[in-house]
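Here is a friendly walk through a two-chain structure, written for someone who likes the cut-offs spelled out. Please keep the viewer open while you read.

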Amino acid sequence: MAWEREANDGGEFQSPALERLVRGLSRLPGLGRKSATRIALHLVARESPADELLGAIGAARAQVTNCGNCGAITEADPCRICTSERRDQTLLCVVASPVDVLPFEKAGFYRGRYFVLGGLLSPLDGVRADDLPFDRLLARVERDQVAELIIALDASVEGETTALYVQRLLQGRHLQLTRLATGIPVGGALAYTDEVTLQRAYQFRRGF
Amino acid sequence: MRIVTARLSGFRNLSEAALAFSPGVNLVQGRNGEGKTNLLEALNWLALGRSHRGSRNEDLIAFDRDELHVALELEEDAGARLACEFGLDRSGGRRLRIDGEAVRRRTDLVGRLATVFFDPDSIRLVQGGPERRRQFADQGMAEIDPAYLAHLTAFQRALKQKTGLLRDLRRGAVNGAQARRELAAWNAELAHHAAPVSLGRAEYAALLTPFADRIHRDLAGTDQPLVFTYRPRLESVARAVSSGGDAGVENRSGNHALEQDVSAEMDYIVGSEIQRGRPLTGPQLDDFEVRLGGPDGLDLRTFGSRGETRSAAIALILARSDALDRRRGVRPVLFLDDIFSELDRERTRRLQEMASRLHQVFIATARPGDIADWRPEGLKAWRVEAGRITDIPADGGAD
Ligand SMILES: Nc1ncnc2c1ncn2[C@@H]1O[C@H](COP(=O)(O)OP(=O)(O)O)[C@@H](O)[C@H]1O
Ligand SMILES: [Mg+2]
Ligand SMILES: [Zn+2]
């Protein structure tokens, strides 16, 4: 069984260049030093996909941008979701980051539009209300005559507080404010549900 | 819950050892500095996932070793056996196993062993500052109700955030309306967790008091009732608690009326908070009273004699075991480290009597006289000398 260790920084390679590559890669999200090393060795091997990758990275960086209207990742600005006639503009889903749009779009059930906040309130990380685009959110609500605003933020202290802030921001306006429910994941075994999730699911139990 | 066997290696000054314990009383003898507390510390580590005396994990590794390893076989109250292991190394590595399988998350293993630990420092539960009492109640409530722990953790996180915000506001220019809205959002989130935390603390004090009183009467041979009373800082909480009603788990979270009152109470003083640059109310300022002679009796926090304080602390800590049994049907393993040296003869005798009736208990003492002539059923005795643990045969006497 492997010991959990802090990455050691004594270079085990006979190449400082390789060491630099490994360090760079291990800073990417989800990559530990071990997988970074595997990838680095793969990239410097003779049949390496590195050139192709470099090209793809360059192109993506040049073409991908955030939608000026909703903040989603897109090549066209405004994005397809914002321009589509079939999407209901009075239904607005507020998410923290552009990646949070992806699961909704993949599931395909959602017919409304999005607003990406780009972060959550967190004074400890230097994120205050002026650092998030709440003005633009308000303008958007007015312009599109939003009828329902769905808050889909993390169930963390920062996510909840940001939701509470939005709630206060919109107080007194004629729109329905809702948030995602929490509960037992579909296909998840009850026996392995953590106690807190279970208690919430119990609290918000519903009739048949 | 019992510890059936233990294997130790590389733990502080203790030699490699494989030990099979008594399901009842286990007595650990040895002069000061020989390693008695180290043994108890090794056995208790899994309960908290850290040393009970607050040592860093690295300091637990024997000076001349690079890693330590402890394996315990536990028996749950229903009779199921569970093999738990932990290993720590000098580079911060940690491995945890249950029944031979590696577990990633610390929380999967920590807490599987329920214990109650008493040592001479525990007297500060009564005499020390309020933080000790809050921690005591929080730990007790958390082992009864995991949702309590979740609320407490979230509360502490939100409090740090709000403190950070107030610090910012004091330093920088303030956009008044927005700052207030921002603070109101943090207050609402805080209240969402502060309400269940407060009700949980009230519930725990009420749950604990009769058990503690009972133990205290037996131990101190007194008729004076011992009470452990919750003293919340928030007035809205104080009102809710005194207006009574058994909150119960279901009502503790999701008590919207109380959440709103708490949040309003916090909003009300926001001006002074901005001025002072820190939160001025909330459960982080709660305390508990320990009184002898009923709710208006002697406040032991300030007026207790050393003997009274000691007995009250022992009673409260032992009561945690009864509370856990009552609410979760779990009987924790008890550790009493150097406890007799703190008591007079009569109380020592009474505590010994209680200990023989208790669940599994580990008692460490440096004074053989304290335990002379004490032969509870199923007793096992161990001697620790310079880290070497040997068992003292049943008829070998405690010399
Ligand atoms: N990491 C360590 N490695 C080796 N010895 C240690 C370590 N930590 C503490 N000790 C030794 O353990 C002894 C104290 O043991 P302890 O269990 O506290 O004694 P007591 O029997 O009085 O309870 C001291 O001699 C101390 O030097
Ligand atoms: Mg000791
Ligand atoms: Zn868009």
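Two residues are in contact if their C-beta atoms, placed from the backbone, lie within 7 Å. With that in hand, take Gly119(A): leaving aside neighbours within four places in sequence, Gly119(A) is in contact with Ala96(A), Val127(A), Asp131(A) and Leu132(A). Gly119(A) sits in the loop between β4 and α6 (134–143) of chain A. It counts as partly exposed because it has 16 C-beta neighbours inside 10 Å; on this scale 20 or more other C-beta atoms within 10 Å make a residue buried, 12 or fewer make it exposed, and anything in between is partly exposed, with C-beta atoms placed from the backbone. The C-alpha atoms of Gly119(A) and Gly159(A) are separated by 9.1 Å, while the two residues are 40 apart along the chain.

A word on conventions. This is a predicted model, in which local features need pLDDT of at least 70 and side-chain atom pairs count only at pLDDT 80 or more, whereas totals for chains, interfaces and linings use all residues. Residues are numbered from 1 along each chain as its sequence is written, and chains are lettered from A and ligands numbered from 1 in the order in which they are written.

**Chain A as a whole**

Chain A has eight helices and six strands, where helices (H or I, at least four residues) and strands (E, at least two) are DSSP runs numbered from the N terminus. Along the sequence they follow the pattern α-α-α-β-β-α-β-α-β-α-β-α-β-α. Along the principal axes, the C-alpha atoms of chain A fill a box of roughly 65 × 45 × 35 Å. Buried residues make up 20% of the 208 residues in chain A. Among contacts in chain A with a separation of 6 or more, 45% link residues 24 or more positions apart.

**The sheet in chain A**

Four strands of chain A form an open sheet in the order β4-β3-β5-β6, with parallel pairing. Two strands pair if DSSP finds at least two bridges between them. The edge strands are β4 (112–116) and β6 (176–179) of chain A, each pairing on one side only. From one strand to the next, the twist averages 25 degrees. Within this sheet, β3 (residues 88–95) of chain A pairs with β4(A) in the parallel sense over five bridges, and Val95(A) stands opposite Val116(A) in β4(A).

**Backbone details**

Which peptide bond in chain A is cis? The bond from Asp77(A) to Pro78(A) is, with omega near 0 degrees. Pro78(A) lies in the loop between β2 (73–74) and α4 (80–83) of chain A. In chain B, two residues other than glycine have a positive phi:

| Residue | Phi | C-beta neighbours within 10 Å | State |
|---|---|---|---|
| Arg12(B) | near 45 degrees | 21 | buried |
| Asp99(B) | about 45 degrees | 10 | exposed |

Arg12(B) is in the loop between β1 (2–9) and β2 (17–20) of chain B, and Asp99(B) is in the loop between β6 and β7 (101–103) of chain B.

**Strands and helices in chain B**

Both faces of β8 (residues 115–118) of chain B are covered: Thr115(B) and Phe117(B) on one side, and Val116(B) and Phe118(B) on the other, are all buried. Four bridges join β8(B) to the parallel strand β12 (residues 333–337) of chain B, where Leu336(B) is the bridge partner of Phe118(B).

Helix α7(B) packs against α14 (residues 345–357) of chain B at an angle of about 130 degrees, with their axes 8 Å apart. Axes are lines fitted to C-alpha atoms, for helices over the stretch in contact, and angles run from 0 to 180 degrees between N-to-C directions. That angle makes α7(B) oblique to α14(B): angles under 35 degrees count as roughly parallel, over 145 as roughly antiparallel, 65 to 115 as roughly perpendicular and the rest as oblique. Asp218(B), Leu219(B) and Ala220(B) of α7(B) meet Arg347(B), Arg350(B), Leu351(B) and Met354(B) of α14(B).
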